[in-house]
Amino acid sequence: MSRIGKKPINIPDAVEVTLDGTKILFKTSRQSRELETFGRVGIKIKDGYVYVEKNDDEPQSRAYWGTYRALTNNIVIGLKEGFVKNLEVNGVGYKASINGRNLELALGFSHPIIYPIPNGIEITVDKNIITIKGSDKQQVGQIAAEIRRFRPPEPYKGKGVKYSDEVIIRKTGKTSKK
């Protein structure tokens with residue numbers, strides 16, 4: 001049974017939450033987001049909290065209960081604080097730079113990789129650290145995964161693009177027998 005679904009979501013002062021049928025509308029001074037629930041869960045807004053309620057006791061309803069509570073909470077946190085992912089570029093000659101609305105990566109290929117930065121996302125580069133910021137948790141994580149996929153870290157020297165908190169298990173190379 002979901003324990004997440006039971007927790008109410010605190011609405012900060014900067015975020016305005018309203019209901020429009022089965023949609024939950026979130027609004028701040030800078031941006032707005034919406035979450036369509038398709039009537040799978042019940043939503044109540046009361047005393048500065050959002051309550052997510054299950055429709056019945058079926059297993060699928062319990063799954064939606066926890067999922068929609070988590071999605072709602074992620075939108076509120078994203079609008080209030082935002083989400084950040086850090087990537088680290090390791091390797092001789094490997095580098096990253098910002099050129100307009102494009103991220104340029106030199107990762108040992110014969111050509112530079114040019115990644116267009118989507119709207120709503122802010123990418124900064126400081127030495128070998130790429131910082132991805134945005135209000136949508138799924139989009140920030142997806143962009144970080146796409147950039148990492150260009151050159152995942154290899155286990156022998158650790159060269160490539162990795163998450164800053166990722167631990168690469170290193171392998172020993174070939175050794176000569178004596």
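Tutor: Strands S11 and S12 run antiparallel and are joined by six bridges. Within this pairing, Thr124 stands opposite Thr131 of S12. The model is a predicted one. Two residues lie between the strands of the hairpin, and Lys127 there takes a positive phi near 60 degrees. That phi is a positive value in a residue other than glycine. Lys127 is placed in the loop between S11 and S12, and with a relative accessibility of 75% it counts as exposed, because the cut-off for exposed is over 50%.

Asn90 itself is found in strand S7. Its side chain also makes a polar contact, at 3.4 Å, with the side chain of Glu88.

H2 covers residues 137-150, 14 residues in total, and reaches 21 Å from its first C-alpha to its last, close to the 20 Å expected at 1.5 Å a residue. Which residues of H2 are buried? They are Val140, Ile143, Ala144 and Ile147. These residues cover an arc of only 100 degrees around the axis, which puts them on the same side of H2. The general rule behind such spacing is that an α-helix has 3.6 residues a turn, so residues three or four places apart point the same way. The face of H2 turned away from the buried side carries Gln138 and Arg149, both exposed.

S5 and S6 (residues 49-54) run antiparallel and are joined by six bridges, with Lys44 opposite Tyr51 of S6. Asp47 is placed in the loop between S5 and S6. Its phi is near 55 degrees, a positive value in a residue other than glycine. Asp47 is exposed, with a relative accessible area of 70%.

These two strands belong to an open sheet of three strands in the order S1-S6-S5, with antiparallel pairing. S1 (9-10) and S5 (41-46) stand at the edges, each with a single partner strand, so one side of each is left without a neighbour in the sheet. H1 packs on this sheet and touches S1, S5 and S6, with its direction at about 160 degrees to that of S6.

H1 (residues 59-80) also lies across S3 and S4, running at about 180 degrees to S4. Those strands are part of another open sheet, in which three strands pair antiparallel in the order S2-S3-S4. Its edge strands are S2 (16-20) and S4 (32-36), each of which pairs on one side only. The twist averages 20 degrees from one strand to the next. Five bridges join S2 to S3 (residues 23-27), and Val17 has Phe26 of S3 as its bridge partner.

How values were computed
Residues are numbered from 1 along each chain as its sequence is written. This is a predicted model: local features need pLDDT of at least 70, side-chain atom pairs count only at pLDDT 80 or more; totals for chains, interfaces and linings use all residues. Side-chain values use heavy atoms; hydrogens and water are left out. Helices (H or I, at least four residues) and strands (E, at least two) are DSSP runs, numbered from the N terminus. The expected span of a helix is 1.5 Å times one less than its number of residues. Buried means under 20% relative accessible area, exposed over 50%, partly exposed in between (1.4 Å probe, protein chains only). The arc is that of the directions from the helix axis to the C-beta atoms. Two strands pair if DSSP finds at least two bridges between them. Axes are lines fitted to C-alpha atoms, for helices over the stretch in contact, and angles run from 0 to 180 degrees between N-to-C directions. Contact means heavy atoms within 4.5 Å. A polar contact is a pair of N or O atoms within 3.5 Å; within protein, one must be able to donate a hydrogen and the other to accept it, and residues adjacent in sequence count only if both atoms are side-chain atoms.
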